Amino acid sequence: MFGARCLLRFLRSCSSAPCPRHKPSAKLSVRDALGTQNASGERVKVQGWIRSVRSQKEILFLHVNDGSSLESLQVVADSSFDSRELAFGSSVEVQGQLVKSLSKRQNVELKAEKIEVVGNCDAKPSSKIKVPEENFFNVPVFLTVSGQLHLEVMSGAFTQVFTFGPTFRAENSQSRRHLAEFYMVEAEISFLESLQDLMQVVEGLFKTTTMTVLSNCPEDVELCHKFIAPGQKDRLEHMLKNNFLIISYTEAVEILKQASQNFTFTPEWGADLHTEHEKYLVKHCGDIPVFVINYPLALKPFYMRDNEDSPQHTVAAVDLLVPGVGELFGGSLREERYHFLEQRLARSGLTEAYQWYLDLRRFGSVPHGGFGMGFERYLQCILGIDNIKDVIPFPRFTHSCLL
């Protein structure tokens, strides 16, 4: 009974409360606010950061952006608001009426009734915090160069798996295409028996992802194509409408040997393909992405499947080369046969370190394969940006780790 009386008392207090003067303001992103058609004074709430402030005698103009749009929303307020707190970079919550703008520069503007500064923008640099060093894991640990081996474990239970995260390479290079830390999309697929099947997945991923980006983020892509890489849109459409080509490593070396171009690194069978070689091969193939398959065993890691094709002795590896970048995807069929993998590990002196990996072949091993795609290189490819350091917020490379 006591509980019921409390509930009734609460309900009565709610029913006797005065009705609000206005409907609660609807929360909108800047993108949605700018896209409003026929704005007629709807009350809305927008949250974001001040990008510019312009003060006149009786009117204050703010441009607010929340990252959802390249264009900012103009907020119009009267001079009674304290413009000293409304500084560039400050985060704000603005409530008011969304109305048709009198200016030709924008379709709508927000007539502010309330502006709350959520966070002031302090330009003073913050002090560095020192973290005490501890032997956290009690054993030596290392930064990962790939999540592939762990994905192989997972694919033994879930068939098709992927991961997206940072990877690290001790690449002693300050070139336009190398980073010490970058992000990678990696996938592993069980019951995969041919490179052809793997290449279909890779081509499908590239084309589907790119068409989705072009469809959902046209303003961002067009900005890069207009000011950074004129003509990139046509090159991208050329890639999307054509089937990717396939050549063997052996064919690639023969093409390079017959080229009239002088290379810094002389192409020869058994040697790595360098960036200059990769870009030439793509141009030779009509600026269409090209798969290069079946690399020499000596060039590739122990986990790639042996093709058993003596005397050349290659493995079932594949790289996808794309215009302007070179290698974008790298993948292979994995060596699922226990004795083949055991011999490779023994020859490399890695049996003890990778016993757990070898054991995977003892318990229900299946043909499988996978690939990795460098995310920053993908952005370079679709946006036409030449330097990889321009497509990651905090580039870290040899002799440079500022943040």
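How much space lies in the largest cavity, and which residues line the largest cavity?

Modeller: The model is predicted. A search of the whole structure turns up one cavity of 30 Å³ or more, and the largest cavity holds about 40 Å³ of space. Its lining is made up of L198, M199, V202, F291, V318, D319, L320, F329, G330, G331 and F371. By type, eight of the lining residues are nonpolar, two are polar and one is charged.

Three elements each give at least two residues to the lining: α4 (195-216), β11 (314-322) and β12 (326-333).

The loop between β8 (181-190) and α4 contains F191. F191 is not a glycine, yet its phi is positive, at about 60 degrees. The side of the question that concerns solvent is simple: F191 has a relative accessible area of 59%, which is over 50%, so F191 counts as exposed.

The loop between β10 (290-296) and β11 holds P311 and also H313. S310 and P311 are joined by a cis peptide bond, with omega about 10 degrees. H313, a residue other than glycine, has a positive phi near 60 degrees. With a relative accessible area of 29%, H313 is partly exposed.

Definitions and conventions: Residues numbered from 1 in each chain as written. Predicted model: local features only at pLDDT ≥ 70, side-chain atom pairs only at ≥ 80, totals over all residues. Heavy atoms only, no water. 1 Å grid on protein atoms, 1.4 Å probe; cavity = no way out; pocket = protein on both sides within 12 Å on 5 of 7 lines; lining within 4 Å. Points joined across faces, edges and corners; volume = space filled by probe spheres on them. Helix = DSSP H or I, 4+ residues; strand = E, 2+ residues; numbered from the N terminus. Nonpolar A, V, L, I, M, F, W, Y, C, P; charged D, E, K, R; others polar. Buried < 20%, exposed > 50% of the residue type's maximum accessible area, 1.4 Å probe, protein only.
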